[in-house]
Amino acid sequence: VDPGIRGCGLAVFDGGVLVRAAYVPGAAAPSSRAQAAAETVMSVARWVGVDAVDELVVEWPRIYAARIRSGASPGDPNDLLPLAAVAGGLAVLAAGSVVACPSPSEWKGQMPKNVCHARIWSKLSPEELGVLEAAAERAGAKAHNVVDAVGIGLHHVGRLSTRVLPS
């Protein structure tokens, strides 16, 4: 799962193979960030069917304080708190399952997004490419969230290296 407050990128793997992917939106107009997180968690649970999940892998938000101090990360770190609420809510729903929570740096290292996404696409079989292409098309502007969810899953099953090879 690539968690978001307004929706999540999702990828389902079976035996290490991508079988399903989507961007699942949360509430259209929640009254608060807490409600948005709760409704996003419930939307994901309905789409996935958490009772059928053996393992949940959800990216855990991380504050990179050095990047903030250097000015390289201009965002407000408090914006990550609702993402943590979504990730935690999913972990609670999948409590009977194995739960893994890699941080962004753990699953993708410091690769630029375009390099990371190209690497993700390159690791997929023709059948998996079809799954991701269809999901990305349905997701439109949110397709990057689906690609990230697939990358998180590929990393978890050992099919995505974060090493950057010398050119």
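This is a predicted model: local features need pLDDT of at least 70, side-chain atom pairs count only at pLDDT 80 or more; totals for chains, interfaces and linings use all residues.
1. A quick word on terms before anything else: a residue counts as buried when its relative accessible area is under 20%. Keep that cut-off in mind for V58, whose relative accessible area is 0%, so V58 is buried.

2. Which residues is V58 in contact with, once neighbours within four places in sequence are left aside? They are V1, P3, A87, L90, A100, C101 and P102. V86 makes a handy reference point too: V58 and V86 are 28 residues apart in sequence, and their C-alpha atoms are 9.4 Å apart in space.

3. One of the contacts of V58 is C101, so let's hop over there, given that contact means heavy atoms within 4.5 Å. C101 sits in the loop between β4 (98–100) and α4. Is C101 buried or partly exposed? With a relative accessible area of 33%, C101 is partly exposed, whereas V58 is buried. Apart from neighbours within four places in sequence, C101 is in contact with V58, W60 and E106.

4. Now step back to the whole chain. How many helices and strands are there? The secondary structure comes to seven helices and four strands. Going along the sequence, they follow the pattern β-β-α-β-α-α-β-α-α-α-α. The radius of gyration is 16 Å, close to the 15 Å that the globule rule gives for 167 residues, so the chain is as compact as a globular protein of that length.

5. Some overall figures to go with that. The C-alpha trace spans about 45 × 45 × 30 Å along its principal axes. Of the 167 residues, 41% count as buried. The chain exposes about 8,900 Å², and carbon and sulfur atoms supply 56% of that area. As for contacts between residues at least 6 apart in sequence, 73% of them join residues at least 24 apart.

6. On to the pockets. How much space lies in the largest pocket? About 730 Å³. Its lining is made of 29 residues, and R62, Y64, L80, P104 and K108 lie nearest the centre. If you want to trace the lining by element, look at α2 (65–70), α4 (104–108), α5 (113–122) and α7 (143–156), each of which supplies at least two residues. Sorted by class, the lining of the largest pocket has 13 nonpolar, seven polar and nine charged residues.

7. The second largest pocket holds about 570 Å³ of space. It is lined by 26 residues, and A11, V12, F13, V53 and E55 are the closest to its centre. At least two lining residues each come from β1 (7–14), α1 (33–48), β3 (55–57) and α7. Which element gives the most to this lining? That would be β1, with five residues. By class, the lining of the second largest pocket divides into 17 nonpolar, five polar and four charged residues. Notice that α7 turns up here and in the lining of the largest pocket.

8. While you're looking at α1, find S43, which has its place in that helix. S43 counts as buried at 13% relative accessibility, because the cut-off for buried is under 20%. Leaving out residues up to four places away in sequence, S43 touches V24, P25 and G26. Between S43 and V24 there are 19 residues of sequence separation and 6.8 Å in space, C-alpha to C-alpha.

9. Last stop: E133, in helix α6 (residues 126–139). Its relative accessible area is 46%, so E133 is partly exposed. Have a look at A21 while you're there: E133 and A21 are 112 residues apart along the chain, and their C-alpha atoms are separated by 9.4 Å.

Note on methods:
Residues are numbered from 1 along each chain as its sequence is written. Side-chain values use heavy atoms; hydrogens and water are left out. On a 1 Å grid over the protein atoms alone, a cavity is a set of points where a 1.4 Å probe fits but cannot get out, and a pocket is an open set with protein on both sides within 12 Å along at least five of seven lines; lining residues have an atom within 4 Å of a point. Grid points are joined across faces, edges and corners, and a volume is the space filled by probe spheres set on the points. Ala, Val, Leu, Ile, Met, Phe, Trp, Tyr, Cys and Pro count as nonpolar, Asp, Glu, Lys and Arg as charged, and the others, Gly among them, as polar. The radius of gyration is taken over C-alpha atoms; the globule rule is 2.2 Å times the number of residues to the power 0.38. Buried means under 20% relative accessible area, exposed over 50%, partly exposed in between (1.4 Å probe, protein chains only). Accessible areas come from the Shrake-Rupley method with a 1.4 Å probe; for residues, only the protein chains shown count as cover.
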